[in-house]
Amino acid sequence: MESRIVDRQSGETVRRSVVLGGGGVPGSAWMAGLAAELRRRGIDLGAADSIVGTSAGAIVGAALIAGRDLDSLADDPRPPGSTEPPSVVKPELVATAFSVLFDRTLDRDLARRKVGRLAMAEEPAQPAHIEPMEWLVGGNDWPDHRLRIVVVDAASGQRQVWDSGSGVPLATAVAASRSFPGAFPPVVVGDRYYIDGGMWSPTNADVAADSDIVLVVEPMANRFPPEQVRTELATTVTDTIVRFGPDEAMIDIFNAFATNPDVLASWPKAFRAGVRQADDLAQQLIDAGWVSPKR
């Protein structure tokens, strides 16, 4: 449920937005751990006025909006009692897709279309891929209007932003936003293939609603130039920006996963890393005025 913070000195409502970026399996677990520990400290990111989720951020953003028990995800992202192994990662295909995306000699639209073709060559997502996502995010219905999920049309390479009025079930939208060649199959909606919103931007911070405070959580902050997010946020109206990325220990977890993509081994480590870093983020949010001032 949406909550409003009122500054007791001015009497004005403080508008808050959260931007959750892409980061694959480790990024999902890390942000879930961050949000779980912040909630224990009385800072519920799910109470923000708007949440933008890209890829891993779509998973965590949907879980936050739904009021999901994030601590239940501490050790395993699968439904309780599940014996199904996580999706098999194809490292060579993932590496090929990243090599295209990071090739700065290519036009960005062309690069996205090339990756889109790699994705469309794979078998599209089936109900068996979507159903675990429904459990992970806490349902298939959009709880309210505040969540925006970013995807990319695989054929055109263009960005789309889905919300509660888009007519796409929540779990389907989240699955599409985290679809990456070699990691998770493309999602078909209507007659179009959709893939990871991170193909457009690691954060898509320009989608954030005009706010007094914007929190941008960047799992891949060490992989992209900081100017990109600043440029995106320049298109929004905000007074205060808090940007938060992984520390060195969490970056090591990312690097280990890239070498050995073992979901069940990396997930709990990344979740605990998020819990550990929450102390730092909580203080930054307090300093920025995110929480209600004390009397």
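Two residues are in contact when heavy atoms of theirs lie within 4.5 Å. Keep that in mind for the close-ups below, which show a predicted model.

**Figure 1. Helix α8 meets helix α9.** Helix α8 covers residues 248–259, and helix α9 covers residues 263–288. Look for A249, M250, I253 and F257 on the α8 side. Their partners in α9 are V263, S266, K269, A270, A273, R276 and Q277. Sorted by class, the residues in this contact are seven nonpolar, two polar and two charged.

**Figure 2. How α8 and α9 are oriented.** Angles over 145 degrees count as roughly antiparallel, and so α8 and α9 are roughly antiparallel to each other. The crossing of α8 past α9 is left-handed.

**Figure 3. Helix α1 also packs on α9.** Here you see helix α1, residues 24–40, with its axis 6 Å from that of α9. The angle between α1 and α9 is about 45 degrees, which makes α1 oblique to α9. This time the crossing is right-handed. The contact of α1 with α9 brings together 18 nonpolar, five polar and two charged residues.

**Figure 4. The nonpolar cores.** The largest nonpolar core has 68 residues. Good places to start looking are W30, L45, I149, V174, L285 and W290, the members that touch the most others. Another core, of 13 residues, lies apart from it and includes V94, A97, A119 and M199.

Figure 5. Is R112 buried or exposed? Residues under 20% relative accessible area count as buried, and R112 has 6%, so R112 is buried. Its helix, α4, runs over residues 108–120. If you set aside neighbours within four places in sequence, R112 is in contact with V152, A154, G157, M199 and W200.

**Figure 6. S55, a loop residue with a positive phi.** S55 is not a glycine, yet its phi is positive, at about 55 degrees. You can find S55 in the loop between strand β4 (50–54) and helix α2 (56–65). With a relative accessibility of 5%, S55 counts as buried.

How values were computed: Residues are numbered from 1 along each chain as its sequence is written. This is a predicted model: local features need pLDDT of at least 70, side-chain atom pairs count only at pLDDT 80 or more; totals for chains, interfaces and linings use all residues. Side-chain values use heavy atoms; hydrogens and water are left out. A nonpolar core is a set of buried Ala, Val, Leu, Ile, Met, Phe, Trp, Tyr and Cys residues joined through side-chain atoms within 4.5 Å. Buried means under 20% relative accessible area, exposed over 50%, partly exposed in between (1.4 Å probe, protein chains only). Axes are lines fitted to C-alpha atoms, for helices over the stretch in contact, and angles run from 0 to 180 degrees between N-to-C directions. Helices (H or I, at least four residues) and strands (E, at least two) are DSSP runs, numbered from the N terminus. Angles under 35 degrees count as roughly parallel, over 145 as roughly antiparallel, 65 to 115 as roughly perpendicular and the rest as oblique. A crossing is left-handed if the near helix is turned anticlockwise from the far one by less than a right angle, and right-handed if clockwise. Ala, Val, Leu, Ile, Met, Phe, Trp, Tyr, Cys and Pro count as nonpolar, Asp, Glu, Lys and Arg as charged, and the others, Gly among them, as polar.
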